[in-house]
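Hi,

Here is the structure I promised to pass on.

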Amino acid sequence: MNTPIRRLSILIAALFTTLLVASTIVQFAQAKTLGAMASNKRSLLDSYARERGSIIVGGQAVAKSVPVQDQYRFLRTYPQNKLYAHLTGFYSYSVGAPYGLEHAADDLLSGDADQLFVRRVTDLITGRKTAGATVELTIDPKVQAAADQALGASKGAVVALDPKTGAILAMVSHPSYDPNPLASHDLTKAAKAWKTLSTDADKPYLNRAISGIYPPGSTFKVITAAAALEDGVVSDENSKVPGPAQLDLPLTTTNLPNEDGRACGPNNETTLIHALEISCNTTFGSLGLDLGGEKLRAQAAKFGFGDSLQIPMRVSTSSVPADLNAPQAAQAAIGQYDVRTTPLQMAMVAAGIGNKGSVMTPYLIQSVRSANLDIIQSAPDPVELSQAVSEQTASILTKMMVSVVDNGSGARARIAGVDVAGKTGTAQHDPGKPPHAWFISFAPAVDPKVAVAVVVEDGGVTGSEIGGGRVAAPIARAVMQAVLGR
Amino acid sequence: MTTTVEPLTPRTRRGSELLLLLFAIAIVLLAWVTTDLNRNGTVPTNIVPVAGGFTVLVLAVHLVLRWKAAYADPVLLPITTVLNGLGLVMIHRLDLARGKLGSDGDAYRQLIWTTLAVVLAVTVLIALRDHRLLRRYTFVSMAAAFVLLLLPLVPGLGRSINGSQIWISIGPLNFQPGEFAKIALAIFFAGYLVQTRDVLSLAGKKILGFTFPRGRDLGPIVVAWALCVVVLVFQNDLGTSLLYFGLFVAMLYVATERVSWIIIGLLLFAAAVVFALTAFAHFHERVDLWLDPFSQQSLDRSNQLANGLWGMASGGLTGTGLGAGRPYLTPFAESDFIFPSLGEELGLFGSVAILVLYLVFCERGVRTALGARDGFGKLLAIGLAFSVAFQLFIVIGGVTRVIPLTGLTTPFMSLGGSSLLANWVIMALLLRISDQARRPMPEIPVGVAADDPSPAEVTQVVRLS
């Protein structure tokens with residue numbers, strides 16, 4: 001009987017091998033996947049028990065974990081309440097951390113990031129409690145406060161960039177919300193706060209600056225102008241361009257009219273610079289016809305349209321539709337017909353023109369420090385996203401945009417003693433509603449310190465190009481003043 | 001193979017056992033102290049009486065072995081001690097998490113059961129001076145197994161806990177008679193097969209290269225199968241049913257050396273499982289939970305398996321440390337899920353260590369079977385060893401998602417008196433058989449040759465150990 005006993009002992013060994021392999025799979029190979037599952041209460045309690053890193057703006061914490069005497073050990077608090085809600089997001093026991101840096105930089109804040117591996121190992125050896133890393137933002141608190149105040153009670157978003165680096169100086173989205181009740185350890189209170197927030201028709205949880213998708217309206221004309229200059233359709237700002245009261249669109253019976261129903265210059269003709277000053281629809285529509293959809297699309301792509309960026313939050317992708325026919329291209333050239341963009345993308349357009357045609361990759365995290373303030377990741381070297389236009393085109397565009405502020409629709413963005421370059425926009429989105437008001441700008445025009453995009457939802461006046469200039473331009477001006485200290 | 005010429009005088013190895021035992025006790029105490037330090041920051045106040053009592057208890061078994069079974073395997077008792085002790089520590093740890101202290105605690109009851117189990121094991125060792133005596137009770141064992149198995153179905157006595165009708169209640173005590181049925185069945189199978197193995201292994205027709213048994217010899221396997229189907233259907237207990245049937249097929253194979261029995265057995269069991277799957281929603285549900293334990297639908301139904309897996313995963317390689325994890329989040333953390341509970345706090349290293357301890361336990365059983373000089377002893381030893389291994393596979397395979405989860409206890413560790421008593425008896429029986437196997441033969445092994453076809457092999461095994 002010994003032979004079958006030996007064979008059976010091999011079976012026993014095989015059974016145990018299976019169990020050993022299964023345990024290894026669960027506790028080693030799949031441990032991370034299992035730990036990351038949303039319904040895993042252990043991971044949630046774990047992350048609560050660990051001191052989560054702070055989010056710092058200008059030396060002050062805008063999100064920090066405060067020790068408390070309950071089973072969760074640390075309470076996440078947001079000292080600035082609504083002001084930074086869209087940047088921080090919230091960290092809630094019942095809801096999780098679906099938004100903002102609490103979501104996008106979770107591995108840093110929780111201490112699980114790969115960069116923190118060495119530290120976790122030393123923590124393990126020395127018995128020190130592992131704590132998350134502190135994340136310092138590029139945000140300038142003065143600019144952020146100015147943007148928040150200037151936007152006021154309006155719905156919309158403001159983004160300010162440093163054109164030379166891509167650092168985000170301010171990012172405001174209205175309406176906002178207070179993340180504190182959501183992070184409450186009183187779970188009923190947190191659940192109630194979440195219900196209120198998630199069912200609000202205005203979607204306050206949405207960071208409109210990066211997740212809001214708007215038609216860019218006339219601000220897109222800057223891109224059309226860039227494409228026309230780059231393509232040689234026009235040679236400089238003084239080139240003669242058509243500017244009739246109505247542009248006859250091929251393939252259709254409809255025409256593309258100017259808002260005021262008048263021609264943009266004598267003999268249905270004008271200069272490029274004047275067309276931009278007064279935001280002449282027919283001029284840019286006709287440039288769109290000359291260029292065609294693909295060239296518009298390619299120019300937009302050079303500014304960042306179609307890219308999926310992470311700052312580290314995911315930025316919604318801006319887009320110009322593909323395969324436009326002639327009338328669609330004419331519409332797209334004035335920022336209508338399914339052209340969609342985020343405020344951040346339009347700020348990148350302004351910044352790229354200001355930075356001699358070079359669009360820098362936007363970023364929000366300035367540095368990452370470990371719990372004992374050692375730098376883990378210092379300020380990133382600015383990364384160029386693309387050279388959107390030549391330096392010469394950029395300088396022509398700058399000249400034209402300065403003229404928009406000095407002589408045209410962007411007058412309310414003027415700052416005494418500083419050349420401001422800007423472009424207004426009024427984007428129709430829903431026939432029954434007032435259009436969105438846009439303004440993009442940078443200042444000073446030479447060697448700019450700041451580029452801004454402002455969108456005010458339903459802030460315009462139907463049939464008028466002055467919406468962007470009247471509503472959005474003063475907001476941009478307040479933000480630029482905050483950066484320039486004037 | 002060589003035949004030894006010079007007479008061997010194998011050592012008893014009781015000294016090694018004592019050393020291993022002290023080591024085992026040290027591990028358990030360290031685990032206990034760590035738990036309390038991690039939970040409360042203090043060393044348990046009752047450490048002296050409890051640890052002292054535990055030490056006295058296992059050392060008593062050691063002394064009984066020196067007295068009654070000097071040549072018994074020296075590794076089985078230390079392994080049992082570690083496993084039983086770690087089980088106690090984990091149950092105590094879960095008590096602490098749930099605020100069940102002192103005599104309210106599950107650990108307190110489990111400690112009493114441990115004491116009773118040790119007393120029972122010692123009784124077996126003293127009363128049963130030769131395992132071959134059990135062969136006389138082959139058919140008594142069969143009857144006992146049938147009664148034990150069917151008891152939970154008796155109205156008024158049987159109780160259904162967590163959907164399985166495998167319990168009986170006598171006053172305040174709940175008991176799982178199936179645990180003892182396992183031993184009775186092993187004795188019966190061993191006794192029966194040793195008698196009939198010649199018929200079962202020689203007669204038959206050859207089909208496709210395998211010799212298949214004659215129709216009339218199929219009787220016993222059909223009866224065993226029918227019994228298992230009864231357990232499966234009426235007691236709603238797939239795990240136990242699988243365990244009994246696996247045990248029977250394995251022993252049948254060892255007795256007859258015929259692969260055809262395994263094939264027949266597997267086919268029969270597959271048929272039963274297919275039937276159960278189609279006929280009972282209960283089994284279907286388990287398979288669904290097994291295939292995808294993490295879907296919202298599954299979690300709403302039962303988050304037990306998912307929680308066990310999350311627990312093990314959160315332990316990672318090194319574990320959270322005893323007392324520092326959250327095994328209490330898993331339902332039945334102290335019984336069916338005690339392995340994930342330990343895995344969470346001791347990590348993969350701990351899980352592997354525990355599995356290796358069980359593996360060594362079972363392989364010592366196998367070695368005992370190889371060394372036993374009588375067919376009955378061989379069959380009984382391999383049957384008991386295999387039952388422990390297979391039971392572990394069913395329960396730990398269930399919690400680690402190798403197979404669908406079916407409720408079975410983890411030998412020596414799970415909370416529950418019947419399981420502890422039964423497993424300590426299994427250990428006592430293995431010790432008894434191993435003593436016979438390793439004991440030097442009083443004379444030239446003439447008598448053995450009659451019982452076993454390969455005395456040379458036996459001699460070799462004796463020399464190795």
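Let's start with chain A, which has 19 helices and 17 strands; helices (H or I, at least four residues) and strands (E, at least two) are DSSP runs, numbered from the N terminus. Before you go further, keep in mind that this is a predicted model: local features need pLDDT of at least 70, side-chain atom pairs count only at pLDDT 80 or more, and totals for chains, interfaces and linings use all residues. Residues are numbered from 1 along each chain as its sequence is written, while chains are lettered from A and ligands numbered from 1 in the order in which they are written.

Of the 486 residues in chain A, 55% are buried. Buried means that 20 or more other C-beta atoms, placed from the backbone, lie within 10 Å of the residue's own.

Now find strand 17 of chain A, residues 450–456. Seven of its seven residues are buried, so the strand is largely enclosed by the rest of the structure. In a regular strand, side chains alternate between the two faces of the sheet. Here A:Val450, A:Val452, A:Val454 and A:Val456 are on one side, A:Ala451, A:Ala453 and A:Val455 are on the other, and all are buried.

Which strands does strand 17 of chain A pair with? Strand 5 (residues 156–161) of chain A pairs with it in the antiparallel sense over six bridges, and A:Ala160 stands opposite A:Val452. Strand 16 (residues 436–443) of chain A also runs antiparallel to it, joined by seven bridges, with A:Phe439 and A:Val454 as bridge partners. (Two strands pair if DSSP finds at least two bridges between them.) The hairpin of strands 16 and 17 of chain A has six residues between the strands, and A:Asp447 takes a positive phi near 55° there.

Next, the place where the chains touch. Chain B gives 43 residues and chain A gives 31; two residues are in contact if their C-beta atoms, placed from the backbone, lie within 7 Å. On the chain B side, helix 8 (238–256), helix 12 (304–315), helix 13 (338–371) and helix 14 (375–399) each supply at least two residues. Helix 13 of chain B has the largest share, twelve residues. That side of chain B divides into 26 nonpolar, eleven polar and six charged residues. Nonpolar covers Ala, Val, Leu, Ile, Met, Phe, Trp, Tyr, Cys and Pro, charged covers Asp, Glu, Lys and Arg, and the others, Gly among them, are polar.

Cheers

Technical notes:
Buried ≥ 20, exposed ≤ 12 C-beta atoms within 10 Å, placed from the backbone.
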